[in-house]
Structures are given as structure tokens and as C-alpha cells.
Amino acid sequence: MTYTGLSVSFIFVNLLGLGLASGVSTNSGWETAYHTSSGALLLAGFDGLGGFGKFCGVMVALGLCSNVVPSLYAAALDFQVLGKVWKAIPRYFWTTVGAVIYLVCAVAGRDQLFLIFQNFLALMGYWLVIFITIVFEEHMIFRRRSGFDWAAYEDKRKLPIGIAALTSFLIGWVGPILGMYQVWWTGPVASQVGDAGADLGLWLGIAITAVIFPPLRFGELKWIGR
């Protein structure tokens, strides 16, 4: 049910985004709004609904604010997972620190932050597929039968050292570097696709990581034992 609910909501919102993006190329008013900000484009899309459209714009803005809450909570948990010392610091402290950081970034970079995040989030996509590939192979190849010892999550003597994962992660970045097609960098492989080039960074990152991680992890288990 959770998966269905998330999928339906994501698909609905993405379809709305596709509609707005398509309208930018055919509606001059939307194009002007798009060059102002993404928020202005949303308001332009709601223009035809009159007062109700403005209400929808306010609800979308509030929804964006509330969407930060789960991320802040997850960030607080991430800090506490770092070790027993970090866990002793109350979770509300980390959520407050995170809120202050994103508020300062939003106010100080309000004129350029959207462009910065557009470029930065592209890097996040490359990082994410490499990470998912490592986790997927660890689960399917090395933990499928033995499972995970959930009671040992705080015992560093029983946890993997992470040499195989870190090495695979770093080597896996060769794929995005060779295959990414971004405003600030075009990899040598990406530039060879067609006349305009194409972004192959995600797929190259997955492929290289998928090949590198298993032998390294087998070696880690053989010589280190965990």
C-alpha cells in the first residue's frame, strides 16, 4: 500500500511537471515566468483558476516547506548513527541545526540557489546510482542467505571495514566522469554519441561499479572476514 500510494502521488505530480514544461515552449507567458523562477511558473500554471489558483499556489509553497521535515528528521538520525557519542546529542538539536543551515542558504542564495542546486543535484544522481548498486549487490550476492545481524549495528568489530565499498565507489565515479553530459562538463564518451552528445554517466557508473564491487567484496570477506 505504501508503494502504491507513493507511486500514484509521484506519477501525478510528475505529469503536472511535464505539462508545465511542455507549456513553456508554447505559451509566452509561461516562458517568461519560467525565466523568473520555478515558483513563478507554478503560479502562471494556476492563473486560469483565478482565486482558487492562488490558493493552490500557497498550498504548494507550504507543501514544499513541510516536505523538508522528513529530510531534517532523517538527517538527525544519520548523525546519531555515526556512533555512541553522536547518539548522546538530542535529535532536536540536529534538526534545529539543519533548519538554520537551510534557512541561511535560502536567504543568502535566493537569487542563484536554484541554478546551483540544478547543477549540484545532477551530481547527486550519479552518486546515488553508484551507492544503490553497491547496496543491491551486497544484499543479493553476499547477504541473501546469511542475512544481516541487526544486533551488531553498533559493534564496529563485527561491521564491514568498508574497503571494498569505498574502493568500488571511487572507481565507479570513472563512469560518470567519462559519460556525463552537463553544462559544466561533457565527458569524452558522452561527446561521441550522435551530433549533440548524450548523458551516459548513470549507466556507465552502474556498469563499472557492478563489475568492480563483487571481486573486491569477496576478497574483503576472505582476508578480513567481515
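**View A. The largest nonpolar core of the predicted model.** This core comprises 10 residues: Tyr126, Val129, Ile130, Ile134, Phe142, Ala164, Phe169, Trp173, Met180 and Phe213. Two elements, helix H7 (113–142) and helix H8 (163–172), each supply two or more of these residues. The greatest contribution comes from H7, with five residues.

View B. Leaving aside residues up to four places away in sequence, Met180 touches Leu123, Tyr126, Trp173, Trp185, Thr186, Gly187, Ala190, Asp199 and Gly201. Another core, of six residues, lies apart from the largest one and includes Leu20, Trp30, Ala33 and Ala44.

**View C. Packing of helix H1 (residues 2–24) against helix H2 (residues 28–36).** The two axes come within 7 Å and cross at roughly 110°. Angles of 65 to 115 degrees count as roughly perpendicular, and H1 and H2 are therefore described in that way. On the H1 side the contact involves Gly19, Leu20, Gly23 and Val24, which meet Trp30, Glu31 and Tyr34 of H2. Classified by residue type, this contact has four nonpolar, two polar and one charged residues.

**View D. Packing of H7 against helix H10 (residues 201–223).** Here the axes come within 9 Å, with a crossing angle of roughly 40°; H7 and H10 are therefore oblique to each other. Their crossing is right-handed. H7 contributes Gly125, Tyr126, Val129, Ile130, Thr133, Ile134, Glu137, Glu138, Ile141 and Phe142 to the contact, and the residues from H10 include Gly201, Leu202, Gly205, Phe213 and Leu221. The contact residues divide into 13 nonpolar, five polar and three charged.

Key:
Residues are numbered from 1 along each chain as its sequence is written. This is a predicted model: local features need pLDDT of at least 70, side-chain atom pairs count only at pLDDT 80 or more; totals for chains, interfaces and linings use all residues. Side-chain values use heavy atoms; hydrogens and water are left out. A nonpolar core is a set of buried Ala, Val, Leu, Ile, Met, Phe, Trp, Tyr and Cys residues joined through side-chain atoms within 4.5 Å. Buried means under 20% relative accessible area, exposed over 50%, partly exposed in between (1.4 Å probe, protein chains only). Helices (H or I, at least four residues) and strands (E, at least two) are DSSP runs, numbered from the N terminus. Contact means heavy atoms within 4.5 Å. Axes are lines fitted to C-alpha atoms, for helices over the stretch in contact, and angles run from 0 to 180 degrees between N-to-C directions. Angles under 35 degrees count as roughly parallel, over 145 as roughly antiparallel, 65 to 115 as roughly perpendicular and the rest as oblique. Ala, Val, Leu, Ile, Met, Phe, Trp, Tyr, Cys and Pro count as nonpolar, Asp, Glu, Lys and Arg as charged, and the others, Gly among them, as polar. A crossing is left-handed if the near helix is turned anticlockwise from the far one by less than a right angle, and right-handed if clockwise.
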